[in-house]
Amino acid sequence: MNTKIALITGATAGIGKGIAYKLAAENYKLIITGRRADRLEELADSLTNNFGIEVLTLNFDIRNRVETETVLKNLPEKWKAVEVLINNAGLAAGLDPVQTANVDDWDQMIDTNVKGLLYASSQLIPQMVAAKKGHIVNIGSIAGKETYAKGAVYCASKHAVDAITKGMRIDLLEFGIKVTAINPGMVETEFSEVRFKGDTTTAKKVYKGFTPLDANDIAEAVWFVLSRPAHVNINDMIIMPTAQASATNTFRNE
Ligand code: NDP
Ligand code: 8X3
């Protein structure tokens with residue numbers, strides 16, 4: 001029976017929530033995080049009721065360094081031995097050319113996708129190093145492999161995730177810690193609603209005329225990488241909808 005502890009950042013929606021359900025089904029003990037406390041509690045209840053697993057909810061804004069460090073430094077004793085860290089919390093804010101983009105959007109993306117990922121990792125890696133085991137899965141993006149118009153800073157933040165993943169893998173090599181990046185193309189979640197700041201009409205158009213990925217497709221991939229034998233690490237995975245060939249080439253029936 002699996003009794004590993006996994007911590008998933010950004011589990012209140014979309015991909016993180018999908019991963020929580022998949023890992024609960026595989027009997028992990030889960031630490032789930034996010035800013036929306038009500039959603040965390042709802043998810044914890046559902047995971048406990050449906051899978052009988054133990055769940056710890058941690059409600060914090062990953063952009064806030066002090067808050068993130070304090071919460072993760074003070075994990076209850078029985079939750080300290082986190083073996084799997086899923087760095088998933090992230091977002092795109094806006095889709096604008098650099099000449100007119102909102103600098104607050106840039107801050108939000110860099111503070112969440114890059115600095116937040118680092119703040120959480122910095123608290124959880126030392127105990128993995130001491131235990132000489134662990135697996136870090138960073139949710140990157142096709143935007144970390146390509147750069148598209150009006151997405152300079154989101155793409156930069158995901159290119160940073162790509163570089164951080166490679167750097168972590170090198171630094172943690174001698175401790176036997178696995179590091180994987182999962183890089184999805186378009187996944188229908190709350191991502192576009194967030195990017196377009198609640199404009200659901202524009203958000204829906206992103207996924208019109210083709211079948212996008214869903215959160216469970218990514219959760220299945222996460223489970224695949226986690227369930228490889230001890231001597232196998234999946235470094236990097238790019239997962240696209242069949243109808244999407246690159247960040248900007250999507251075949252739509254409309
Ligand atoms: P959602 O908007 O559905 O979920 C995003 C999650 O991140 C939420 O749980 C949200 O929680 C959390 N989050 C955002 N900002 C913060 C913050 N400041 N502090 C703590 N948690 C935060 O989007 P997705 O599920 O699609 O996105 C998950 C990851 O996948 C992101 O890193 C995204 O860049 C990446 N990705 C998404 C793709 C897509 O097409 N959807 C494709 C490729 C990568 P809360 O708001 O409660 O804090
Ligand atoms: C999210 C997918 O194509 O909007 O990372 O960059 S995309």
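A backbone N or O atom of Glu-190 lies 3.1 Å from an oxygen atom of ligand 1. This distance, like the others here, comes from a predicted model. Tyr-154 also makes a polar contact, through its side chain: one of its polar atoms is 2.7 Å from an oxygen atom of the ligand. At Ala-13 the backbone is involved again, with a polar atom 3.4 Å from an oxygen atom of ligand 1. On its own, ligand 1 has 870 Å² of accessible area, and the protein covers 96% of that.

The elements that contribute two or more residues to the shell around the ligand are helix H1 (14-25), helix H5 (152-171) and helix H6 (191-195). As for its location, ligand 1 sits in the largest pocket.

The residues around ligand 1 number 30, and those that come nearest are Thr-12, Arg-35, Asn-88, Tyr-154 and Thr-189. Sorted by class, the shell consists of 13 nonpolar, 11 polar and 6 charged residues.

The protein as a whole remains. Its secondary structure amounts to 8 helices and 9 strands. Along the principal axes, the C-alpha atoms fill a box of roughly 50 × 40 × 35 Å.

Methods:
Residues are numbered from 1 along each chain as its sequence is written. Chains are lettered from A and ligands numbered from 1 in the order in which they are written. This is a predicted model: local features need pLDDT of at least 70, side-chain atom pairs count only at pLDDT 80 or more; totals for chains, interfaces and linings use all residues. Side-chain values use heavy atoms; hydrogens and water are left out. A residue is near a molecule or strand if one of its heavy atoms lies within 4 Å of it. A polar contact is a pair of N or O atoms within 3.5 Å; within protein, one must be able to donate a hydrogen and the other to accept it, and residues adjacent in sequence count only if both atoms are side-chain atoms. Accessible areas come from the Shrake-Rupley method with a 1.4 Å probe; for residues, only the protein chains shown count as cover. On a 1 Å grid over the protein atoms alone, a cavity is a set of points where a 1.4 Å probe fits but cannot get out, and a pocket is an open set with protein on both sides within 12 Å along at least five of seven lines; lining residues have an atom within 4 Å of a point. A molecule sits in a cavity or pocket if more than half of its atoms lie within 2 Å of its grid points. Helices (H or I, at least four residues) and strands (E, at least two) are DSSP runs, numbered from the N terminus. Ala, Val, Leu, Ile, Met, Phe, Trp, Tyr, Cys and Pro count as nonpolar, Asp, Glu, Lys and Arg as charged, and the others, Gly among them, as polar.
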